[in-house]
Amino acid sequence: MRDERGTQPRDGAGGRAARRGSKAPRRSPLVVVGRAVVCLSSAAVLAASGVSWAAYHWITSGLNTSDALDKVGAHGPKHLDNSVNLLLIGLDSRKDMNGNDLPKEFVQDQLHAGSSDIGYYNTNTLILMHIPADGGKVTAFSIPRDDYVQTFNGDG
């Protein structure tokens, strides 16, 4: 590298001595602000992902789930389209999810239900639901079962 006079520097460092005293070039304020925005955005996305993951696992940790439909669906007939048909079954039970009897006061006062000795574990309703593939209107209808109701001037 040559200096202003066109001669080689004598220190043999290739001009490092001349560059040592020079100041580093200043960065544009837009570059600094841009980098800060990118860093803050990245930190916000990372924090939101962590909070979402923790919330999902906190919410689902107390749920009891079943994979019964996964096993049935593997051997079931293929769909003609992507619509879904569901059969929802209401079970007339006086037990909690662990099989323990519910408190008698809760069954009578909150559920307004009688003894399970009358209906045992019969279903009291069936709901057939059709969800169309195109996202259209969902259709559902109820099929009441195993309920005794008093009818006007009927046989009771």
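In which helix is the place of His 57? His 57 lies in helix H2, which covers residues 29-60, in what is a predicted model. The protein has five helices and three strands, and their order from the N terminus is α-α-α-β-α-α-β-β.

**Confidence**

- Over the protein as a whole the mean pLDDT is 75, and 64% of the residues reach 70 or more.
- Where pLDDT is low, the predicted coordinates should not be read in detail.

**Overall burial and contacts**

- Of the 156 residues that make up the protein, 8% count as buried.
- When contacts are taken between residues at least 6 apart in sequence, 45% of them join residues that are at least 24 apart.

- The side chain of His 57 makes a polar contact, at 2.9 Å, with the side chain of Trp 53.

- Ser 83 is found in the loop that lies between helix H3 (68-75) and strand E1 (84-91).
- Ser 83 has a relative accessibility of 8% and therefore counts as buried, the cut-off for which is under 20%.
- Its side chain makes a polar contact with the side chain of Asp 81, at 2.7 Å.
- Once neighbours within four places in sequence are left aside, the residues in contact with Ser 83 are His 130, Ile 131, Pro 132 and Ala 133.

**A nonpolar surface patch**

- Val 84, Leu 86, Leu 88, Ile 131 and Val 138 form a nonpolar patch on the surface, and together these residues have about 330 Å² of accessible area.
- Strand E1 gives the most to this patch, with three residues.
- Leu 88, one of the patch residues, has its place in strand E1 and counts as partly exposed because its relative accessible area is 37%.
- Ile 131 belongs to the patch and is also among the residues in contact with Ser 83.

Conventions
Residues numbered from 1 in each chain as written. Predicted model: local features only at pLDDT ≥ 70, side-chain atom pairs only at ≥ 80, totals over all residues. Heavy atoms only, no water. Helix = DSSP H or I, 4+ residues; strand = E, 2+ residues; numbered from the N terminus. Buried < 20%, exposed > 50% of the residue type's maximum accessible area, 1.4 Å probe, protein only. Contact = heavy atoms within 4.5 Å. Polar contact = N/O pair within 3.5 Å; in protein donor to acceptor, adjacent residues only side chain to side chain. Patch = residues over 30% accessible without salt bridge, like charges linked within 9 Å, V, L, I, M, F, W, Y side chains within 5 Å. Areas by Shrake-Rupley, 256 points an atom, 1.4 Å probe, with all protein chains shown as cover. Salt bridge = Lys/Arg side-chain N within 4 Å of Asp/Glu carboxyl O. pLDDT = per-residue confidence, 0-100.
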